[in-house]
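Notebook open. I want to look at strand pairing and then at aromatic contacts.

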Amino acid sequence: MAKTENSSFSLTRRDILKTAAIGVGAYMVPGASFAKGDVVLAQRGQSFDHLVPADKGLNKDWVASLTERAEPEVYSGWDEQLKYIGMPVGGIGCGQLYLGGDGRLWLWDIFKCNYRREPDHGQRIDSMTLGGHYAHPIEFGSEYNKHNGAEVDQGFAIRVRSGGKSVVKTLDHEGFPGVSFRGEYPIGKVSYTDPNLPVEVKLEAFSPFIPLEAENSALPATVMSFMVTNAGEDEAQVELGGWLQNATCPYLSDSSLGQRRNRIVKKGGRVTLLSTVEPSSIESGPRKRSEIVFADFEGNDWGDWMAEGDAFGGGPFPVGSLTDHQIVSGVSGKGFVNTHNTRSDGDSQGADNLTGTLTSPEFEISRKYITLTIAGGNRAVDQYVEVVVEGKSVAKLTGHNSNAHRLESLDVSAHEGKTARIQIIDSAGGHWGHIQADQIVFTDAPLVERTVESSHGFGSMALSVLNAGEGVSVRSSAG
């Protein structure tokens, strides 16, 4: 401990803890004047308004260097730099949305029920709550985007008419050979050049981030401002176009609950393509045919079902065999499908790595819906329940990263009279690397326990042209 000149005063235990924390904090501050290993003791009667004092003893030259003007960092080359760029442009507290190095929007992590796979040990974490995007960055166009509702078809393009020629190019690295990115958060600046094109395009993209204005900074909006400059000698006619997929309720598979709708709205000088999902107008009505319980998994073995892999070894999982680690709710009876098969050695972590396939006997589709309870992981690419008709997957469900069983339905009305099988697939490993299912029933009635309003991603999306003039046209296609 470093000695002090004033060695006769006394300290309480609370004083020691407080001053020790100050000393450690000072050691970590760049430019602090304390030597490694020193513990600084406060003099008796000295007080601080805050654990971190206003005067931190920082090196003045180092502080001044933080505000010195320097050359901006400009990135280029898709494979070398641009594909690794993801600048948040979605609004504070609005989920995650990235501006890519070539100006495209990606990682639409705005639908609430999104999880990702860790590259090193195969686990999935809720990246929004655990900071996973920063600890383990997701690659542009990765498998996570494609299979977890985070990839939305969106982009912009330019048409140039000059010198008797008409050229259309997408505003990204595929459309332009020369793309550069300059990030000055909260504004991302992207430049597009092509030696064969007489115009240059610049994009400024940002969310309405306003210091000290939390409400306005939390608007779920992204502004894309384009500036086109004619760098050639001939007159050029330019058109800018953009498109946005209606990705509302991306996990919704039951068409009886609702339908996506696109419409054009013109108001306040704006022209907007408004994309929504709306409850279905089809009323369920009384059941015309009785329900058929296809499987309740109450036997000691799989019966006519065919099991492959360790995940399904031993037959239906007894409720009484659940470990303290896995608290399951919502199952009926004494058995259910559970690929977290801890019966062999009780290893909870290893059970998540077990894989396998469970296939039902053939049956004729005789009702409009197949309902079941489902739980476990929500990775649609390698853990799911699916209906296979004539060798083709026609409907699929996955869990929701929970051991609480949720009643779900699969719409198979378009395949009535055809022969089908149900498959339960688990080829996932790591955290939430398992799937559960119970009570498979054939019915004519869609679920009333769930509505489109309660589905993940319910709401609206919009692509607007601000300060729209007479030259703006908008077209909507099927949602």
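Predicted model: local features only at pLDDT ≥ 70, side-chain atom pairs only at ≥ 80, totals over all residues.

Strand E14 (residues 258–267) runs antiparallel to E15, with 10 bridges. The hairpin of E14 and E15 has 2 residues between the strands, and glycine 268 there takes a positive phi near 60 degrees.

Which strand holds the bridge partner valine 465 of valine 271? I found it in E28. E15 and E28 (residues 460–465) also pair in the antiparallel sense, over 6 bridges.

Next I checked burial. In strand E15 (residues 270–279), 7 of the 10 residues are buried, so the strand is largely enclosed by the rest of the structure.

I moved on to rings. I noted 12 aromatic pairs in the structure. For tyrosine 185 and phenylalanine 209, the ring centres are 5.8 Å apart and the planes stand at 50 degrees, so I logged the pair as tilted. Tyrosine 185 sits in the loop between strands E9 (178–184) and E10 (187–193). Phenylalanine 209 sits in the loop between strand E11 (199–206) and helix H6 (214–217), 24 residues apart from tyrosine 185. Tyrosine 185 is partly exposed at 49% relative accessible area. Phenylalanine 209 is partly exposed too, at 32%.

The pair of phenylalanine 297 and tryptophan 302 has centres 6.0 Å apart and planes at 80 degrees, so I logged it as edge-to-face. Both residues are buried. They belong to one aromatic cluster, whose members include Phe294, Trp305 and Phe442.

Last entry: I found lysine 396 over the face of tyrosine 384, 4.1 Å from the ring centre.

Definitions and conventions: Residues numbered from 1 in each chain as written. Heavy atoms only, no water. Buried < 20%, exposed > 50% of the residue type's maximum accessible area, 1.4 Å probe, protein only. Helix = DSSP H or I, 4+ residues; strand = E, 2+ residues; numbered from the N terminus. Pairing = 2+ DSSP bridges. Phe/Tyr/Trp six-rings, centres within 6.5 Å; stacked < 30°, edge-to-face > 60°. Lys NZ or Arg CZ within 6 Å of the ring centre and 35° of its normal.
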